Amino acid sequence: LSLSIISSALVLIYLLFFTTKTKVHQRPIGERLVIYLAIYDLLYSVSHELDHAYMMAVKNNPPDFICRPFALFVGGFIIAQSLMVLFTSINAMSMVVLKRKVQLGNRDWKLFAVTLGVPAVVGIVGVSVPFLGPSGSW
């Protein structure tokens, strides 16, 4: 996990500070997707690392009220990252095979609505059911 955090952070630092000075939403879609993938990987890795750090600090599994947010964030970021990878492959196929650009809306809002909205809804339902947490799948 630490290697993932380091590599994602290095990719973000390089792309945001050492390449072109244009704003992220004005860059080509391929470069934006690499930035978004690095951000999502960083979010997942940090939340997962915090989960493990907590368990190592207390030498026990977290109680229910701490386990649910860990499950919500880790599960949510896994789903978000998977949806971003899925979109990246669909976008590549659309551009290369179909010769069409996928319209993402102003500042890619449609992409973020799906990749962050779906995991948020799944996570909220999972915590309320209770599917996520100590007695559930996480």
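Guide: We begin with the elements. This is a predicted model, and the protein in it has four helices and zero strands. Read from the N terminus, the order of the elements is α-α-α-α. The C-alpha trace spans about 50 × 35 × 25 Å along its principal axes.

Visitor: What share of the 138 residues is buried?

Guide: Buried residues account for 30% of them. As for the surface, the protein exposes about 8600 Å², and carbon and sulfur atoms supply 72% of that area.

Visitor: Which share of the contacts with a separation of 6 or more joins residues 24 or more positions apart?

Guide: That share is 67%.

Visitor: How is a pair of aromatic rings described?

Guide: Two quantities are used, the distance of the centres and the angle of the planes. Here the count comes to three aromatic pairs. In one of them, Tyr36 and Phe112, the ring centres are 4.8 Å apart and the planes stand at 70°, so the pair is edge-to-face; the angle needed for that label is over 60 degrees. Tyr36 belongs to helix α2 and Phe112 to helix α4 (residues 109-128), so this pair ties together parts that are 76 residues apart in sequence.

Visitor: Why is Tyr36 called buried, and why is Phe112 called partly exposed?

Guide: The label follows from the relative accessible area, with buried meaning under 20%. Tyr36 has a value of 6% and is therefore buried. Phe112 has a value of 24%, so it is partly exposed.

Visitor: Let us turn to charge. How many positive and negative side chains are there, and how many salt bridges?

Guide: The protein has 11 positive and 6 negative side chains, and the centres of the two sets lie 15 Å apart. A search of the whole structure gives two salt bridges. In one, the side chains of Glu31 and Arg27 meet at 2.9 Å, N to O. Arg27 is buried, with a relative accessible area of 3%. In the other, Arg32 is joined to Asp108, with the closest N and O atoms 2.8 Å apart. Arg32 lies in helix α2 and Asp108 in the loop between α3 (64-96) and α4, so this pair ties together parts that are 76 residues apart in sequence. Arg32 counts as buried at 11% relative accessibility, and Asp108 counts as buried at 3%.

Visitor: Which side chain of opposite charge is nearest to Asp41?

Guide: It is Arg27, at 17 Å. A salt bridge requires a distance within 4 Å; Asp41 is buried yet has no salt bridge. Asp41 lies in helix α2, and its contacts, leaving aside neighbours within four places in sequence, are with Ser4, Ser8 and Gln81.

Visitor: Where is His25 found, and which residues does it touch?

Guide: His25 is in the loop between α1 (2-18) and α2 (29-58). Not counting residues up to four places away in sequence, His25 touches Arg32 and Arg107. Its relative accessibility is 25%, so His25 counts as partly exposed.

Conventions:
Residues are numbered from 1 along each chain as its sequence is written. This is a predicted model: local features need pLDDT of at least 70, side-chain atom pairs count only at pLDDT 80 or more; totals for chains, interfaces and linings use all residues. Side-chain values use heavy atoms; hydrogens and water are left out. Helices (H or I, at least four residues) and strands (E, at least two) are DSSP runs, numbered from the N terminus. Buried means under 20% relative accessible area, exposed over 50%, partly exposed in between (1.4 Å probe, protein chains only). Contact means heavy atoms within 4.5 Å. Accessible areas come from the Shrake-Rupley method with a 1.4 Å probe; for residues, only the protein chains shown count as cover. Lys and Arg count as positive and Asp and Glu as negative; His and the chain ends are not counted. The place of a charge is taken as NZ of Lys, CZ of Arg, CG of Asp or CD of Glu. Rings of Phe, Tyr and Trp (its six-membered ring) pair if their centres lie within 6.5 Å; planes under 30 degrees apart count as stacked, over 60 as edge-to-face and the rest as tilted.
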